[in-house]
Amino acid sequence: MVIDEFPYLVKVSPELPSVLQAALDLRRRKGGSPIRLILCGSALTFMGGLPAGNAPLRGRAGLELVVPTLDYRLAAEFWQISDPRLALLTHSVVGGTPAYRREYARDDVPGSLADFDDWVKRAVLNPARPLFREARYLLAEEADLRDPALYHSVLAAVAEGNASRGGIANYIGRKATEISHPLAVLEDAGLLAKSPDMLRAARPLYRITEPLITFYHSVMRPAWRELERRRADQVWKRSRDRFLSGVVGPHFEEICRTWAADFAGAEAFGDIPAEIGHGVVNDPERRTSHEVDVVVLAEPDGGPRRVLSLGEVKWGDVMCEGHVERLRRVRDLLASRGYDTRSTRLACYSAAGFTADLLAAENDEVMLVAPDRLYS
């Protein structure tokens, strides 16, 4: 027996989990024939609480299965997009949720890079399409989100680039201690994820896991009234640059980290990666700090921690030797602080390409990663 959208049923009949518990226990005591009961729901916090603590169904679950969205490669295959840059742009808007293509966009797929802008206006910024209000409804599915305005504000802060706890608190006008609960609830709901700084453990950053929410807060929410009046052309014209820098840029960084973690492997880094993330390295001599978009660490082996790779990501910039020199500086700083950087590969990830001198410099030390490699 399969019961779908179980949280909605329990909202109307709160006693339902206890009823199921009694029925299952009675059947077990009487030695009845086996029955497989499958409970489904899209509210992660609620479903995760069914077999937890003192819940009625505690100890009665034989399987807890969280179905993730499609990764960026599967999403491109599902949307039937063969152009890597177009696939990245589309994934920056709709992510890997299958329903967004069939039910929500009515099988409307961007036909080319030249068609992408028109696709955004007709499929996403169109009030007549279900995708238009979907980002708002995602929060409504979670019963534990009792103050939607606060949670939307937290998500808006992250979408605007305020990824630290202090930055989020300042953005929404609260103390850092006052946002611990909404951050935890959004994490439990699967809408936020905490990304640790690989080089400074006490400095985690938050990121939105659902690209459509980032797109909504960056592009749609500030111009909601205009979009409802069907002024998508004007809104997109002034929002496109912000979309590329504030949405696509960070999303491309996350996809590069995903590639490093799930697809690159030992062939790219010389050993199997153990931890992948971002990092910040202070440079006291130059009175600055260096942000590293992709940090790949090897498994701890009792000695100095090996840094397999340091990478910089650029969506719209052609990368040159200057980017490699910055990574070399970071590598030297880490070596002076006790890291093993003898075999560290310096990686440049760019969707805009590389200069001729950088292409000629690719070797065992320098690795260049373009969109076609991310999808190959």
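Tutor: Happy to! In this predicted model, let's begin with what helix H15 packs against: its buried residues meet strand S5 (275-283), strand S6 (288-297), strand S7 (307-314), strand S8 (345-350), helix H16 (356-361) and strand S9 (366-369). The residues of H15 that are buried are His323, Val324, Leu327, Arg328, Arg329, Val330, Arg331, Leu333 and Leu334, so you will find arginines as well as leucines and valines in that list. The helix itself covers residues 321-336, 16 residues in total, and its first and last C-alpha atoms lie 23 Å apart, close to the expected 22 Å. Just after H15 comes Gly338, with a positive phi of about 100°.

Now for a buried charge elsewhere. Glu210 is found in the loop that links strand S4 (205-208) to helix H12 (211-220). Glu210 is buried but forms no salt bridge; Arg207, the nearest side chain of opposite charge, is 10 Å away. Leaving aside residues up to four places away in sequence, the contacts of Glu210 are Val94, Thr97, Tyr100 and Leu138.

Finally, a word on the cysteines. The structure has 0 disulfides. Cys256 is buried, because its relative accessibility is 0%. The closest cysteine sulfur to that of Cys256 belongs to Cys348 and is 11 Å away, so the two are too far apart for a bond. Cys40, by contrast, counts as partly exposed because its relative accessibility is 25%.

Key:
Residues numbered from 1 in each chain as written. Predicted model: local features only at pLDDT ≥ 70, side-chain atom pairs only at ≥ 80, totals over all residues. Heavy atoms only, no water. Helix = DSSP H or I, 4+ residues; strand = E, 2+ residues; numbered from the N terminus. Expected span 1.5 Å × (residues − 1). Buried < 20%, exposed > 50% of the residue type's maximum accessible area, 1.4 Å probe, protein only. Contact = heavy atoms within 4.5 Å. Disulfide = S-S within 2.5 Å. Lys, Arg positive; Asp, Glu negative; His and termini not counted. Salt bridge = Lys/Arg side-chain N within 4 Å of Asp/Glu carboxyl O.
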